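Subject: Structure for you to look at

Hello,

Here is the structure I said I would pass on.

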There are 2 protein chains.
Amino acid sequence: MAIKLYDLAGAEEDRRFSPNCWRTRMALAHKGLAVETIPWRFVEKAAIAASGQGAVPVIVDEDKTVFDSWTIANYLEDRYPDRPSLFGGAAGRALARFVNNWTHAVVYPGLFRMIVKDIWDHVDAKDRDYFRQSREQRLGTTLERTVADRDAKIVAFRASLQPLRITLEAQPFLGGAASNYADYSVFGGFQWARCISPFKILGDGDPVAAWRQRLLDAFDGLAGKSKGYTC
Amino acid sequence: MAIKLYDLAGAEEDRRFSPNCWRTRMALAHKGLAVETIPWRFVEKAAIAASGQGAVPVIVDEDKTVFDSWTIANYLEDRYPDRPSLFGGAAGRALARFVNNWTHAVVYPGLFRMIVKDIWDHVDAKDRDYFRQSREQRLGTTLERTVADRDAKIVAFRASLQPLRITLEAQPFLGGAASNYADYSVFGGFQWARCISPFKILGDGDPVAAWRQRLLDAFDGLAGKSKGYTC
């Protein structure tokens, strides 16, 4: 039976733009596990109440309900140990946590402040008030004012990717010769931007852009064929 | 036969303050390999000319001369595979490179701009002109002006450690339950500061400080017993 994934969708049901859901999509594909995605909107808290919280990704694997992208990755690794490893052992898992946290501390906040207005433009009608109110409260200003100087913000954002960039100058993936969950953890952020925003995040010739393309192409183009913008 | 390590020393021969040499010291201890350190000063380029470049660490292991801390770690892992692993497998090695690069892109530059004047205060007399000139050229200003606002810089520096901090809230070491080269890679930076500067780098109660203490205590207090400041 396919694993069910509650997957954030926009006004168009096939615009799936959650960075954390993309981590889970890529992890499921890496494991070769069938998935049935269930489009979900921010205000549909009742649909995932069984998880005990209100955010996606949430997966249902037979009788198990699991939430939080990091917890889901660990669940899949431990539940399906005979399938391709997401972490490559204990040390790989421990360091993937650092990469995951770097994404949360650096990549997500940097992207958020450039694309948050684009997100609002694409969310479902019933999510628009919720999204604007919750995000403007978090930001302490309007969505429009947040992104107004994104042509300046992009310079600092690209500089903040330097640890990723110099690593990818030496090896094709964070995981080494092949991608693993550390890659998907960071890639989720770029896929979030691609699905929702026409704003150009990476410069031409950036090794990070070449890596992103490899992941867009992975698993028969799972991420690259999804609805989004050319990047 | 003990491996020889050319190890940066200050005016006092037992003040060993190179962050990259500390990475190598910790890696050698992790592998349980005997080391004979050779105190070295910045201007002694001739002593390490056999390495084909002018910076330490340089190790001499029987007939092999190896330089660059990352290259040395990889050399030790491959040359001594039956000793405790520095990386915990291919995925761990690939992700350790990311951590190593994060240290170079974030931790080292952040520390450098706060402690560079303290370094100059401690280098050997014959290194003082070389150090000041080369570093002021790199900085585009004087050592004194660089560190003048370090009470402000420390706030941003501590914030930049957030990926490390939230990882260490979940596990005792970057490597997981035990330390590995990813830990030593970052720790080298903190040991650099400790050896050379009385400036307080980490706040009390910071999980990063508790992790640093575990590494100062490791290998019978190798790093913690070395000449430096209370931190």
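**The sheet in chain A**

Chain A holds an open sheet of four strands in the order β2-β1-β3-β4, and the pairing is mixed. Two strands count as paired if DSSP finds at least two bridges between them. Helices (H or I, at least four residues) and strands (E, at least two) are DSSP runs, numbered from the N terminus. At the edges are β2 (35-40) and β4 (64-67) of chain A, each of which pairs on one side only. From one strand to the next, the twist averages 20°. Axes here are lines fitted to C-alpha atoms, for helices over the stretch in contact, and angles run from 0 to 180 degrees between N-to-C directions.

A word on the model before going on. It is predicted: local features need pLDDT of at least 70, side-chain atom pairs count only at pLDDT 80 or more, and totals for chains, interfaces and linings use all residues. Residues are numbered from 1 along each chain as its sequence is written, while chains are lettered from A and ligands numbered from 1 in the order in which they are written.

Strand β1 (residues 3-8) of chain A pairs with β2(A) in the parallel sense over six bridges. Leu5(A) has Thr37(A) as its bridge partner in β2(A). Helix α1 (residues 19-31) of chain A packs on the sheet and touches β1, β2 and β3 (58-61) of chain A. The direction of α1(A) makes about 150° with that of β1(A). Two residues are in contact if their C-beta atoms, placed from the backbone, lie within 7 Å.

**Two domains in chain A**

The domain assignment gives chain A domain 1 (3-79) and domain 2 (90-221); such bounds come from an automatic or database domain assignment. The C-alpha centres of these two domains of chain A lie 19 Å apart. Where they touch, 18 residues of domain 1 of chain A are in contact with 21 residues of domain 2 of chain A. On the domain 1 side, α1(A) gives the most, with seven residues.

**The sheet in chain B**

In chain B, four strands form an open sheet in the order β2-β1-β3-β4, with mixed pairing. Strands β2 and β4 (64-67) of chain B stand at the edges with a single partner strand each, so one side of each is left without a neighbour in the sheet.

Six bridges join β1(B) to strand β2 (residues 35-40) of chain B, and the two run parallel. Leu8(B) stands opposite Trp40(B) in β2(B). Strand β3 (residues 58-61) of chain B pairs with β4(B) in the antiparallel sense over four bridges, and Asp61(B) stands opposite Lys64(B) in β4(B).

Of the six residues in strand β1 (residues 3-8) of chain B, five are buried. A residue is buried if 20 or more other C-beta atoms lie within 10 Å of its own, exposed if 12 or fewer, and partly exposed in between, with C-beta atoms placed from the backbone.

**Where the chains meet**

The contact takes 27 residues from chain A and 27 residues from chain B. On the chain B side, the largest share, 13 residues, comes from α3(B). Leaving aside neighbours within four places in sequence, Val99(A) is in contact with residues including Leu174(A), Leu95(B) and Phe98(B).

Regards
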